[in-house]
Amino acid sequence: MSWVALDRAIRIGRDRGLPASARWYEIRDTIYRQIMEKGWNESRKAFVQSYGAEVLDAALLLMPLVLFIAPTDPRWLSTLDAMSAELVSDSLVYRYNVEASPDGLDGIEGTFSICTFWYVEALARAGRLDEARIIFEKMLTYASHLGLYSEEIGPSGELLGNFPQAFTHLALISAAVNLDRRLG
C-alpha cells in the first residue's frame, strides 16, 4: 500500500499539473522492485504473504486491482492459480492458511467476504469470466435478507464478524462493475 500511496500521489500531481517530488518516483520504483524480487517465492511460483515466506495471503488479490501488476502477467496468473488451489473453498476465500501462518486468535476462522469479491474481480480482470461470474452469483446467496454482507462466512454459511461490513460492500460494487464491463 506504500507503493499505491506514492503511485497515486504521482498520478494526481501529473493529472492536475501539480508538482511531484522526483524522490516520490524513486521510492515508488524501489518499493516495486523490492516486492517483485523479495515478495515472489520462486519455489511456490507465487507472490507470498511476506518476504521469505511460503504462505499465501488473499490480500495479494489487490495487486492487479490497484494496478501494481497486470492481471494477465504470468507471475500474477501463477499466484492466482495457487490461491485458487489453497485459499478457496467452494468459491469462498480464506484470508490465509491459519495452520501455515498462525495468528494466535481463538476460534474458527471463516472465509472473508471482501476477499471473495476481490477474487471475483481478479478472475474477471484475468479474463476468467465464466469462473468469475459463477463465484459472484454464488456469493450473492450469502447476503442477508436485506442484501447485506458480514465480514466473514462460517463453515455452515452463517454470517460471522462485523455486520454489516461496509468494505465488503465496496468490494461487491467494484467486482460487479468490473465483471459487467468485461462481460459486455
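This is a predicted model: local features need pLDDT of at least 70, side-chain atom pairs count only at pLDDT 80 or more; totals for chains, interfaces and linings use all residues.

Author: Residues are numbered from 1 along each chain as its sequence is written, and side-chain values use heavy atoms, with hydrogens and water left out.

Reader: What makes the phi of Asp90 and of Ser91 worth a remark?
Author: Most residues other than glycine have a negative phi. Asp90, not a glycine, has a positive phi of about 50 degrees, and Ser91, not a glycine either, has a positive phi of about 80 degrees. Asp90 lies in the loop between strand S3 (88-89) and strand S4 (92-93), and Ser91 is also placed in the loop between S3 and S4. Strands here are DSSP runs of E with at least two residues, helices are runs of H or I with at least four, and both are numbered from the N terminus.

Reader: How do you know that Ser84 and Tyr119 form a polar contact?
Author: A polar contact is a pair of N or O atoms within 3.5 Å; within protein, one must be able to donate a hydrogen and the other to accept it, and residues adjacent in sequence count only if both atoms are side-chain atoms. The side chains of Ser84 and Tyr119 are joined at 2.6 Å, so the label applies. Ser84 sits in helix H4 (residues 74-86).

Reader: Which residues does Leu80 touch?
Author: Contact means heavy atoms within 4.5 Å. Leaving out residues up to four places away in sequence, Leu80 touches Leu61, Tyr119, Ala122, Leu123, Ala126 and Arg128.

Reader: What makes the contact of H6 with H7 nonpolar or charged?
Author: Ala, Val, Leu, Ile, Met, Phe, Trp, Tyr, Cys and Pro count as nonpolar, Asp, Glu, Lys and Arg as charged, and the others, Gly among them, as polar. H6 contributes Leu129, Ala132, Arg133, Phe136 and Leu140, and H7 contributes Leu172, Ala175, Ala176, Leu179, Arg182 and Leu183. The division is therefore nine nonpolar, no polar and two charged.
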